[in-house]
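Welcome, and please open your viewer. We will go from stop to stop, selecting a few residues each time and looking at what is there.

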Amino acid sequence: MILAELEVFHSRPIAPTRRVALGRVDLPVPGPGGLLVGGIVARFVADIDPDLFDDLTRLTFQLEHGYRIPQPRLRHRLQQDRVGLTRSVHRLVREADRPHLELEEAKGAPVQHVLAAVYAAGTLAADRRPAAMTMIRRGMRWQGGADSRRLFQYLGGADAASFVPDTVEDPVVWALEVLGFEPDGDGPPRPDVQRRFRALLRDAHPDIGGETDTAADRIATLTEARRILLT
């Protein structure tokens, strides 16, 4: 039984132009769709150039928040036209009451499959994108090999993708400071956290006046602070 599916079209690794296009995107989120895109990234990310990691992380946040994405990214161009491109299909399937990944690995470069997973998550509705992008960012940090069961447990974990700086001793105090709250008492009510987050998010957006070069990092920090205070 197919639980989620992603069809990818890509140029050959030796082609002079590097291109990626999306085909069928069936990503139920929350649920198996997030596991599929996170699993694709976990499988292929170790084989991409480490110099691309920062841009990949920025891309996940830019897509999550609906930014227009200039091309190319990670040295590849996203396009609609599939003529002349090679097809690969990735699936999350259920067999014997267990989900597992069926990834077509023989064709295409690792970065093409990772980019396709990220762009596919970016096509989801605005309220679905954060869950998928969280699993993608967790997948970027996976170092546990090919054990699907452990990978799925990791992708679904509550604390697998922290963006808190290593020097922070108390993440809650850090999150309060990021969102401009005083670190005292029982903390602000959830509605106040949400309102403050949305206001700061607007300020960070380049279309509103935020710095284009630092917007993605600022959004990542704000998003993590909100997650900590609302968990």
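A word to have ready: buried means under 20% relative accessible area, exposed over 50%, and partly exposed in between, with a 1.4 Å probe and protein chains only. This is a predicted model, so local features need pLDDT of at least 70 and side-chain atom pairs count only at pLDDT 80 or more, while totals for chains, interfaces and linings use all residues. Residues are numbered from 1 along each chain as its sequence is written, and side-chain values use heavy atoms, with hydrogens and water left out.

**Stop one: S11.** Select S11, in the loop between β1 and β2 (19-26); helices (H or I, at least four residues) and strands (E, at least two) are DSSP runs, numbered from the N terminus. S11 is buried, with a relative accessible area of 1%. Which residues does S11 touch? Not counting residues up to four places away in sequence, they are T17, R18, R19, L85 and Q112, where contact means heavy atoms within 4.5 Å. Now show the backbone oxygen of T17: a polar atom of the S11 side chain lies 3.2 Å from it.

**Stop two: the sheet.** Colour the five strands of the open, mixed sheet, which come in the order β3-β2-β1-β4-β5. At the edges, β3 (77-78) and β5 each pair on one side only; two strands pair if DSSP finds at least two bridges between them. β1 and β2 run antiparallel and are joined by five bridges. To see one of the residue pairs, pick V8 and its bridge partner in β2, L22.

**Stop three: helix α1.** Select residues 32-44, the 13 residues of α1. At 1.5 Å a residue they should span 18 Å, and the end C-alpha atoms are 18 Å apart, which agrees; the expected span is 1.5 Å times one less than the number of residues. Is α1 largely enclosed or open? Eleven of its 13 residues are buried, so α1 is largely enclosed by the rest of the structure. Among the buried ones are L35, L36, I40 and F44. Their cover includes β1 (2-10), β4 (86-95) and α3 (110-122).

**Last stop: the core.** Select L6, L36, L56, L92 and L179, the residues with the most contacts inside the largest nonpolar core, which has 65 residues. Such a core is a set of buried Ala, Val, Leu, Ile, Met, Phe, Trp, Tyr and Cys residues joined through side-chain atoms within 4.5 Å. Its largest share, nine residues, comes from α3.

Conventions
Polar contact = N/O pair within 3.5 Å; in protein donor to acceptor, adjacent residues only side chain to side chain.
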